[in-house]
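I set out to read this structure from its overall build down to single residues. The entries below follow the order in which I looked things up.

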Amino acid sequence: MTFRFPAGTAPKRRVHLGVVASGDLEILLTPHPPGSDADAAEVRVRTSVDGFDAVWRQVLERFFERSPMTGVWELNDFGATPGVVNLRLRQAVDLALAEQDPQ
């Protein structure tokens, strides 16, 4: 699934968190290259679970209304609940905006 959401906050760095494991989610966030059209979040979701397109759309719409972070988002899901998805997305934003690289 691919989605695009309006956004205005640019991440300061790349982020990689979580794992592709039962009930969890891996997130990779890459800032848009300098000079590109950076007013949106481009989101690609890969999931092992069929039939939840509407749920994914609702969770992501709600998240990006509150946290409009630009960039290329890759979400690799292995059955994460909406609560886990929201938690991982919030963690990604926190890491992307941190003053120092946490690694």
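Entry 1: terms and basis. I call a residue buried under 20% relative accessible area, exposed over 50% and partly exposed in between, using a 1.4 Å probe and protein chains only. I note that this is a predicted model, in which local features need pLDDT of at least 70 and side-chain atom pairs count only at pLDDT 80 or more, while totals for chains, interfaces and linings use all residues. Residues are numbered from 1 along each chain as its sequence is written, and side-chain values use heavy atoms, with hydrogens and water left out.

Entry 2: overall build. I took helices (H or I, at least four residues) and strands (E, at least two) as DSSP runs, numbered from the N terminus. The protein has two helices and five strands. Read from the N terminus on, the order of elements is β-β-β-β-α-β-α. I then looked up the radius of gyration, which is taken over C-alpha atoms, and the globule rule, which is 2.2 Å times the number of residues to the power 0.38. The protein has a radius of gyration of 13 Å, close to the 13 Å that the rule gives for 103 residues, so it is as compact as a globular protein of that length. Along the principal axes, the C-alpha atoms fill a box of roughly 35 × 30 × 20 Å.

Entry 3: surface and contacts. Of the 103 residues, 36% count as buried. I count a contact when heavy atoms lie within 4.5 Å. Among contacts with a separation of 6 or more, 78% come from residues 24 or more positions apart.

Entry 4: helix 1. The expected span of a helix is 1.5 Å times one less than its number of residues. For the 14 residues of helix 1 that gives 20 Å, and the end C-alpha atoms are 20 Å apart, which agrees. Trp56, Val59, Leu60, Phe63 and Phe64 are its buried residues. I checked their arc, meaning that of the directions from the helix axis to the C-beta atoms. Seen down the axis, the buried residues of helix 1 fall within an arc of 120°, so they line one face of the helix. The face turned away from that buried side carries the exposed residues Ala54, Glu65 and Arg66. The cover over the buried residues of helix 1 includes strand 1 (2-6), strand 3, strand 4, strand 5 and helix 2.

Entry 5: helix 2. The 16 residues of helix 2 (residues 82-97) should span 22 Å, and the end C-alpha atoms are 23 Å apart, which agrees. I found Val85, Arg88, Leu89, Ala92, Val93 and Ala96 buried in this helix. They cover an arc of only 140° around the axis, which puts them on the same side of helix 2. Gly83 and Asp94 are exposed on the other side. Strand 2 (15-17), strand 3 (24-30), helix 1 (53-66) and strand 5 (71-78) are included in what covers the buried residues of helix 2.

Entry 6: aromatic rings. Rings of Phe, Tyr and Trp (its six-membered ring) pair if their centres lie within 6.5 Å; planes under 30 degrees apart count as stacked, over 60 as edge-to-face and the rest as tilted. Phe3 and Phe5 have ring centres 6.1 Å apart and planes at 20°, so the pair is stacked. Both Phe3 and Phe5 are buried. Phe63 and Trp73 have ring centres 6.1 Å apart and planes at 75°, so that pair is edge-to-face. Phe63 lies in helix 1 and Trp73 in strand 5, so the pair ties together parts that are 10 residues apart in sequence. Phe63 is buried at a relative accessible area of 2%, and Trp73 is buried at 0%. Ring pairs join Phe3, Phe5, Phe63, Phe64 and Trp73 into a cluster.

Entry 7: two single residues. Glu42 is in strand 4 (residues 40-47) and is partly exposed at 31% relative accessibility. Leaving out residues up to four places away in sequence, Glu42 touches Phe3, Arg4, His32, Gly71, Val72 and Trp73. Ala80 sits in the loop between strand 5 and helix 2 and is buried, with a relative accessible area of 13%. With residues up to four places away in sequence left out, Ala80 touches Gly23, Asp24, Leu25 and Val85.
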